[in-house]
Amino acid sequence: MAVPIRQCRAICLANHLHEEINNIVVTDECTDRPNCFMCWDYCKILHEEKRIVRDLMCSDVICYSGCKTACKYYGGFFRNVKQKTLLSSLASRMAIVHQSIPFEVEPSAT
């Protein structure tokens with residue numbers, strides 16, 4: 001299982017495993033709690049889907065508490081990945097430009 005899925009699911013358990021349903025703690029199983037189970041399920045789905053599908057799945061119309069937890073995690077995760085990719089690309093371009101600029105050596109003042 002991919003690291004982001006495991007990290008996302010750990011957040012699901014931390015946020016939703018011990019929620020009460022109608023003031024009753026049912027069991028210690030994530031599958032018995034709708035928000036926990038939805039979050040757990042979305043962690044895998046959001047990791048595998050394209051951005052447009054993630055955006056649709058995370059809309060306020062169909063996304064409740066458990067879903068929002070997974071969406072929030074992946075929103076930050078993909079934003080960080082994109083920033084790292086952009087920075088790496090920029091650094092590569094700067095290195096190429098730097099190599100192509102001729103350096104002029106000034107005569108020494110002797």
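Contact means heavy atoms within 4.5 Å. This is a predicted model, in which local features need pLDDT of at least 70, side-chain atom pairs count only at pLDDT 80 or more, and totals for chains, interfaces and linings use all residues. Residues are numbered from 1 along each chain as its sequence is written, and side-chain values use heavy atoms, with hydrogens and water left out.

Q: What share of the contacts between residues at least 6 apart in sequence join residues at least 24 apart?
A: In the protein chain that share is 56%.

Q: What makes the pattern of the protein chain α-α-α-α?
A: Helices are DSSP runs of H or I with at least four residues, and strands are runs of E with at least two, numbered from the N terminus. The chain has four helices and zero strands, and reads α-α-α-α along the sequence.

Q: Why are H1 and H2 called roughly antiparallel?
A: The axes of H1 (residues 3-16) and H2 (residues 34-48) cross at roughly 165° and come within 9 Å. Axes are lines fitted to C-alpha atoms, for helices over the stretch in contact, with angles from 0 to 180 degrees between N-to-C directions. Angles under 35 degrees count as roughly parallel, over 145 as roughly antiparallel, 65 to 115 as roughly perpendicular and the rest as oblique. H1 and H2 are therefore roughly antiparallel.

Q: Which residues make the contact of H1 with H2?
A: Among them are Cys-8, Cys-12 and Leu-13 of H1, and Cys-39, Trp-40 and Cys-43 of H2.

Q: What part of the protein chain is buried?
A: Buried means under 20% relative accessible area, exposed over 50%, and partly exposed in between (1.4 Å probe, protein chains only). Of the 110 residues, 23% are buried.
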